[in-house]
Amino acid sequence: MAEDFDVDVLVVGAGPGGGNAALQCARKGLRTVLIEDHGEIGTPVHCGECISDEAVANLRLNLPPEVISKRVKGIRVIFPDGTSKQLTETGYVLEKHLFEQWIAQSAVNEGAKLSLKNRLSSMERIEKDGKFLGWKCDGKGDIFPLTARIVIDASGVSAVCSKFVKLGNNKPLNEKGKVVAGMQYELADVPTDGYLDFYIWPKYAEKGYVWMIPKCDGRANVGLVTEDRPRAKKALDEFIADTHFNDLTRQLPQWKQKGSPTFGGTIPISGPFENTHHDGLMLIGDAAGFTSPLFEGGSHLALKSAVFAAETAKIAIDKNDMSKEIMARYTSLWKAEFPPYEKILKGKNALFELSDSEMSLMGSCFPDEMSDMGIIGKAMVGVRLLFKKPGLYFKKVVPAMLAFGYSRAKFYGW
Ligand SMILES: Cc1cc2nc3c(=O)[nH]c(=O)nc-3n(C[C@H](O)[C@H](O)[C@H](O)COP(=O)(O)OP(=O)(O)OC[C@H]3O[C@@H](n4cnc5c(N)ncnc54)[C@H](O)[C@@H]3O)c2cc1C
């Protein structure tokens, strides 16, 4: 029966999630094909490119030197009045396109087949005597049509399989969630002390933030994520014009030969999708809505969900059972490990209900180093706030504070 199918697993999209899903599946001996719509992996880059040591260790990644741009010390959160507090948690800024190419190449080295310029555009159920067996997949590119026992959707924010697969009532598997815009420039000769600077300045980034992510050779990604999508570029230009970045040169990143110096993309912000599995299907990474709600990082979650999906695929293939009951294991695995989305979201919403001055006042009550803010540290922040402005304490500042806590690397935060 297995041999009636072209492959065991079709992975759709060769971002960090898809590349790692293909790598993990191939390592487990599954016949795996990884397809990518673009002619090259990793470009255009749509990422600030940072990943924490905690993530690298959790994923057991042995990063080769060429994918690393810079070692960094952690993040510094800068409040609207300039008050800054740091969270020392070391990590890397990557050359993200090279990182993604490295993962995909590792998958190929383990036996996966990589097919560029292939875009999935439909999926049809294959059943026998009412039992689900797999998918007939079609699209644009030389690999199609293709039959696969399992499809792993790693198509990023476009979340293609959620549209192709219909439930019994002919509704799509998931309704489309909300997205925010992220946009950045690469600037030259940017001063840095090795921290990623995150400016929570609603004036420029509504319900988002502005970042400076330092890279090697004095380069840095300076960008923002905002809910005000139409104004994203204008707001970023204004931020640069109003700050010490004003005199710095905007240059094309190494992977870009011509065109506008801006680069970016969209980020899902509605949280994990209601359905992250179905018969013979698992959604991973951005295609499942896995991004951290406060700082919107998603690479770690994409890479880790790929591990859970591959584990589940192996079990399903071994049991010769691709039913959604087996695939449910995938959803249980990520649910047991991923950060509490609703709690962070509640904190983020509380944070953005504060005025700029309230936000700065809250920031001033944090210790200078936030990484070792245990229960006592948090209580002290509460006491300081009560003392300075009791009304603010009761204005949901506690969930806002907790959102910072949950956005730490150990909770997949950046
Ligand atoms: C401006 C910006 C900055 C960010 N900064 C950070 C950061 O610093 N750190 C961090 O952790 N996260 C960051 N993120 C989020 C991070 O980039 C994503 O969470 C991550 O890339 C998700 O990985 P993925 O593999 O799920 O999807 P993606 O990286 O989006 O990959 C999906 C792939 O699927 C392909 N594809 C789509 N449809 C099809 C199809 N039908 N057939 C075949 N292929 C298809 C696409 O071409 C793409 O290559 C940022 C995002 C943005 C927009």
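Colleague: At what angle do helix 6 and helix 7 pack, and how far apart are their axes?
Modeller: Helix 6 (residues 299-319) packs on helix 7 (residues 324-337) at about 155°, and the axes are 9 Å apart. Axes here are lines fitted to C-alpha atoms, for helices over the stretch in contact, with angles from 0 to 180 degrees between N-to-C directions. Helices are DSSP runs of H or I with at least four residues, strands are runs of E with at least two, and both are numbered from the N terminus.

Colleague: Parallel or antiparallel?
Modeller: That angle makes helix 6 roughly antiparallel to helix 7. Under 35 degrees counts as roughly parallel, over 145 as roughly antiparallel, 65 to 115 as roughly perpendicular, and the rest as oblique.

Colleague: Which residues of helix 6 and helix 7 meet?
Modeller: From helix 6, Ser305, Phe308, Ala309, Glu311, Thr312, Ile315, Ala316 and Lys319; from helix 7, Ile326, Met327, Arg329, Tyr330, Leu333 and Trp334. Contact means C-beta atoms, placed from the backbone, within 7 Å. By class, there are nine nonpolar, two polar and three charged residues. Ala, Val, Leu, Ile, Met, Phe, Trp, Tyr, Cys and Pro count as nonpolar, Asp, Glu, Lys and Arg as charged, and the others, Gly among them, as polar.

Colleague: What sort of model is this, and how are residues numbered?
Modeller: It is a predicted model: local features need pLDDT of at least 70, side-chain atom pairs count only at pLDDT 80 or more, and totals for chains, interfaces and linings use all residues. Residues are numbered from 1 along each chain as its sequence is written.

Colleague: Now helix 1 and helix 3. How do their axes cross?
Modeller: The axes of helix 1 (residues 16-27) and helix 3 (residues 96-109) come within 8 Å and cross at roughly 20°. Helix 1 and helix 3 are therefore roughly parallel.

Colleague: And what makes up that contact?
Modeller: Pro16, Gly19, Asn20, Ala22, Leu23 and Ala26 in helix 1 meet Glu100, Ile103, Ala104, Ser106 and Ala107 in helix 3. Seven of the residues are nonpolar, three polar and one charged.

Colleague: Which residues touch the most others in the largest nonpolar core?
Modeller: Leu10, Val151, Ile152, Leu224 and Ile284, out of 125 residues. Helix 6 gives the largest share of this core, eleven residues. A nonpolar core is a set of buried Ala, Val, Leu, Ile, Met, Phe, Trp, Tyr and Cys residues joined through C-beta atoms within 7 Å.

Colleague: What is Leu10 in contact with?
Modeller: Leaving aside neighbours within four places in sequence, Leu10 contacts Val33, Ile35, Cys137, Leu146, Ala148 and Val151.

Colleague: Where are the cis peptide bonds you have?
Modeller: One joins Thr43 and Pro44, with omega about -10°. Another joins Phe144 and Pro145, with omega about -5°. Pro44 is in the loop between strand 2 (32-35) and strand 3 (50-52), and Pro145 is in the loop between strand 8 (131-140) and strand 9 (146-153).

Colleague: Glu49 next. What is its phi?
Modeller: Phi of Glu49 is near 85°, a positive value in a residue other than glycine. Glu49 also lies in the loop between strand 2 and strand 3.

Colleague: Buried or exposed?
Modeller: Glu49 counts as buried, with 21 C-beta neighbours inside 10 Å. The cut-offs are 20 or more other C-beta atoms within 10 Å for buried, 12 or fewer for exposed, and in between for partly exposed, with C-beta atoms placed from the backbone.

Definitions and conventions: Contact = placed C-beta atoms within 7 Å.
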